[in-house]
Amino acid sequence: VGVLLRSLTARGEAATAEALADLVQSFVMCKNLDAALGYLEQALSAVATPACTAAAIVGSTAGAAAAALHDAATAVARMATAVDNEGLEDVPERSRNEGSSCSTRSRAWDVLELLEATSSTAAAPMEAVVVLLEFAARRPRCPDFALASRAEQLLRRWAGPRAFLPAGAYDALVRVHATCDGSQDKAFACFDELATLGESGSKSPTEGSLVGMLSVCADSKNADLAEHVLSWASNRGRCTLPVFAAAGKVLAASKKPAELCAAYEALEQQGSGPELDDAAYGQLIRCAVQAGRLELARRLFRESENPDAQNSASLIRACGQEGDVSQALTLLNDLHSRGEADVTAFNTALDVAVSVGDEQAVEKIFQEMKASDRLDAVSFNILLKQFVGANNAAERSSALLAEMRSQGVRPNVATYNSLLGGSLSVGDFARAWQIIDEMEAGPGLDAYTLSILFKSYKSRRREMDIVSFDRALALLEKYSIRVDEVLVNAALEACFGLRDSERLSNTLATMRRRGWTLPKQAGMHTYGTLIKAYGMTRQLNMAWKLWEEATCKRGMVPSEQMYSQMIDVLVCNGRLEDALGLFEEMKATHGANGFSSQGFAVAYAMVVRGFAQRKECARSLEFYEEMKAGGVKVGLVVFNTLIDACSRVGDMSSAARLFRDMVGAECVPDIITYSTLIKGYCVRGEVDEALELFSLMRKKGIKPDAIVFNSLLDGCAKKQMPELCEQVIRDMVEAGVMPSNHSASILIKLYGRCRDVQAAFRVMEELPRKYGFKPNAAVYTCLMATCSANGRFDLALDLRTRMAKAGVPRDEKTYSTLLRGALRAGSAEGCASLLRAALEEMEGGGAPRRLLDEDLVQSALALMQKKRAWLDHGRDLFERLRASGVAVRSPAATGGTNGGVGAGADAGNPAGAKQHLYGGCNREFKDMRASHQGQHHQRSRCR
């Protein structure tokens with residue numbers, strides 16, 4: 001063919017566009033796509049006339065050629081998409097998008113790129129591009145967004161800014177963007193353009209087009225678009241039975257039964273309602289029952305010509321909502337008499353009787369089911385519900401399970417889920433895990449199983465322990481359970497109680513690995529839960545992304561609870577200014593009726609906590625006054641936060657005022673309130689006020705804890721009141737609170753201030769033995785500091801040996817305390833001994849530990865230099881310290897810190913050393929003199 005075409009061209013008789021179009025069609029018939037694409041490119045190039053429009057070409061002498069080319073281009077597009085469809089049978093859905101990991105390139109892209117490169121407005125085969133759009137929309141769960149976007153751009157370029165696209169193009173674009181990952185705004189815009197095109201004389205959108213769009217909405221549960229389409233069809237008199245039924249499926253799947261009932265009643269009022277068939281009646285009756293529209297359900301039941309068992313079951317369910325067991329039994333008997341009472345009808349009536357608690361009706365229905373052989377697993381699962389929370393529930397459930405097996409019915413997952421829910425409802429967590437073991441050995445688990453497990457811990461006001469949580473999460477991956485929105489919320493909320501950000505991050509990652517993505521119609525509660533999860537894991541950018549998606553893209557108006565959660569996330573992540581901005585937005589959105597709701601109380605609490613964390617006590621109190629002025633109820637947590645903020649900055653007068661306000665507001669102070677105030681008074685040295693509050697606390701019947709007693713003990717110790725300290729210890733023991741290492745440390749510090757080293761040692765010897773605890777490093781360190789401060793560095797060194805024998809690990813604070821004591825005592829030998837001991841621990845096996853403060857080590861080396869112990873100890877220790885990673889410098893290089901020998905002095909030359917020491921003294925004298933002159937000059941300026 002190529003040779004013949006070149007021969008014709010050489011003779012001056014080049015093939016016309018129409019001949020090339022026929023040639024393309026011939027190659028399409030031969031299924032030679034590559035050749036068809038090649039000659040289509042030549043044909044389109046031959047007729048491309050930028051000066052003309054497509055309409056002008058069709059009306060001119062070249063119109064037949066252009067029409068032939070359009071048909072050829074469409075044929076090539078159909079052939080390319082057919083080839084792609086054959087290849088897609090074995091290709092994962094996600095591989096359809098351009099740039100995916102699919103090994104073969106979509107031939108539809110070849111056609112699109114050829115049309116983009118060669119077709120002008122004059123030769124615009126729009127129908128071919130519509131074919132490509134149809135291909136892009138072929139798989140509703142994973143459309144080819146890239147192909148659809150490029151095809152739309154090409155069509156709009158050809159059509160111009162004021163012209164419409166072909167109706168088929170709008171149809172395909174709506175279906176592409178009605179999917180879960182599509183653009184909701186784009187779907188609405190394309191449908192509205194299609195509707196406008198229909199109003200201009202076209203018959204679009206057709207019934208088939210509307211049904212196709214609604215079918216995609218059903219897959220993605222896109223109720224918003226479905227309501228929009230149904231509203232348009234209803235207002236234009238185009239709501240046929242297929243359209244109404246398709247929209248009904250979407251609204252029913254999206255759990256919007258009330259909206260479907262309202263749409264049907266609106267159609268009735270307009271007089272344009274479709275003539276319902278049995279399936280449509282059944283769907284409407286079910287939705288009416290779910291929406292609580294029982295009168296509508298009954299009217300529809302009467303209007304239906306052939307009410308089947310399913311419709312009757314829906315009415316029986318309606319009787320259950322009204323608690324009318326007798327009417328439910330009447331409907332069941334009517335079905336039974338006609339021979340139409342199937343298992344579903346019996347189970348529905350049984351469920352009504354169980355829900356109402358009519359045991360006689362339950363027994364009657366159950367016996368009828370046994371007599372007519374209508375029992376199945378669902379029947380027994382319904383019966384199990386009546387044992388939830390009842391006495392002897394476990395025994396009665398076991399007996400029913402035995403009868404179930406005797407009837408030849410095998411327990412299924414739902415059966416075990418009922419047993420699991422019953423065990424957890426009475427707090428029998430051990431039995432619950434036994435049921436999980438039985439499920440693993442039997443029918444397996446589902447998402448509902450894990451949701452029950454996660455939720456039940458929360459409902460019993462019991463935090464799920466780490467072992468149980470990890471085991472439940474492991475079950476999720478072990479059985480490849482399909483994750484849904486309910487399970488995600490339950491798992492994350494259970495994880496919140498653990499307060500473990502790493503485990504929370506792992507939970508989020510597990511959900512993603514199981515293929516869960518945020519549904520397009522996700523509820524506000526889900527957004528709030530995920531925002532909280534990302535906030536706790538310090539992923540603030542993800543929290544903001546979800547907030548923007550919910551409020552901007554989906555147009556949600558955040559509830560007070562969702563605002564509070566986002567404010568909490570911002571405060572916890574140190575973004576208080578952003579939290580304040582969002583709080584003002586919350587006031588503008590929900591503050592029309594005041595700020596007295598629980599949501600505002602929580603938001604205020606978060607803001608107050610933010611200022612308290614930053615020690616901005618004054619700003620915290622400003623918001624407190626704002627809460628009082630706005631009628632916001634100030635809860636216990638807010639009062640405690642404010643009291644703590646004031647106590648931390650020493651503003652005990654404000655803390656006392658808050659305490660009085662708290663009592664006046666009938667908010668009962670708790671142990672945290674009292675312990676915070678007592679500690680604040682003790683830190684300020686106001687022991688009398690602390691003891692007075694302590695007495696009030698005990699009169700109110702609040703049992704002091706270790707924090708309260710140790711705060712009092714510390715306050716008395718700082719005042720050097722040993723008798724009162726011993727009285728606090730006695731009161732502590734009488735209250736059943738045993739002294740601890742913290743108590744011992746406070747008493748040792750007390751006797752250190754009183755310069756009674758023997759009493760400090762008595763505390764060390766007697767208190768741990770008497771109250772059954774082992775002294776820790778903090779107790780030893782306090783006693784070492786007491787010995788050093790009282791001139792007994794030798795005893796401090798002995799304590800380090802005792803620590804080693806007792807197996808108490810030494811830490812940096814231990815060695816820092818001992819080194820300070822050695823420096824105070826001027827003991828170069830002591831410094832050397834301590835440094836060697838620390839280096840031996842650092843150089844030993846196990847994980848590397850930091851035991852030495854570099855500044856103290858530098859001072860110790862300088863002391864060795866000064867005491868002429870550098871050659872004996874200093875040089876070797878210096879090398880070992882550097883090798884162990886301690887950043888120290890040679891005293892010679894530092895200019896003789898603490899009187900050491902300078903860089904130019906010889907350690908064996910006393911004269912040189914003396915000259916350097918005098919030089920150091922002269923420099924120190926000059927510095928002191930300069931400082932004195934500066935102070936004198938300052939006083940002169942003041943005068």
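Student: How many helices and strands does the secondary structure of the chain come to?

Tutor: Since the model is predicted, we are reading computed features, and the secondary structure comes to 49 helices and 0 strands. Of the 943 residues in the chain, 47% are buried, and among contacts between residues at least 6 apart in sequence, 65% join residues at least 24 apart. The accessible surface of the chain comes to about 45,700 Å², with 50% of that belonging to carbon and sulfur atoms.

Student: How many residues of H41 are buried, and which helices do they pack against?

Tutor: A residue counts as buried when its relative accessible area is under 20%. In H41, 10 of the 13 residues are buried, so the helix is largely enclosed by the rest of the structure. Its buried residues, which include Ile746, Leu747, Ile748 and Tyr751, pack against helix H39 (706-718), helix H40 (722-734), helix H42 (757-771) and helix H43 (777-789).

Student: Is serine 745 buried or exposed, and what is serine 745 in contact with beyond its neighbours in sequence?

Tutor: Serine 745 lies in H41, and because its relative accessibility is 7%, below the 20% limit, it counts as buried. Leaving aside neighbours within four places in sequence, serine 745 is in contact with Ala778, Val779 and Cys782.

Student: Which helices do the buried residues of H47 pack against, and what is found at the start of H47?

Tutor: Among the buried residues of H47 are Leu856, Val857, Leu861 and Met864, and the buried residues of this helix pack against helix H45 (812-825), helix H46 (828-843) and helix H48 (870-883). At the start of H47, a side-chain oxygen of aspartate 853 comes within 3.2 Å of the backbone nitrogen of aspartate 855.

Student: Where does the chain have a positive phi in a residue that is not a glycine?

Tutor: Most residues other than glycine have a negative phi. Lysine 31 has a positive phi of about 60°, and it is found in the loop between helix H2 (17-29) and helix H3 (33-47), where it is exposed with a relative accessible area of 71%. Serine 480 also has a positive phi, near 50°; it sits in the loop between helix H26 (466-478) and H27 and is partly exposed, with a relative accessible area of 48%.

Student: What volume does the largest pocket have, and which residues are the closest to its centre?

Tutor: The largest pocket has a volume of about 2,000 Å³. It is lined by 49 residues, of which Cys180, Thr517, Leu518, Pro519 and Lys520 are the closest to its centre. Several helices each supply at least two residues of the lining, including helix H10 (184-199), helix H27 (485-496) and helix H29 (524-536), while H30 gives the most, with 5 residues.

Technical notes: Residues numbered from 1 in each chain as written. Predicted model: local features only at pLDDT ≥ 70, side-chain atom pairs only at ≥ 80, totals over all residues. Heavy atoms only, no water. Buried < 20%, exposed > 50% of the residue type's maximum accessible area, 1.4 Å probe, protein only. Helix = DSSP H or I, 4+ residues; strand = E, 2+ residues; numbered from the N terminus. Contact = heavy atoms within 4.5 Å. Polar contact = N/O pair within 3.5 Å; in protein donor to acceptor, adjacent residues only side chain to side chain. Areas by Shrake-Rupley, 256 points an atom, 1.4 Å probe, with all protein chains shown as cover. 1 Å grid on protein atoms, 1.4 Å probe; cavity = no way out; pocket = protein on both sides within 12 Å on 5 of 7 lines; lining within 4 Å. Points joined across faces, edges and corners; volume = space filled by probe spheres on them.
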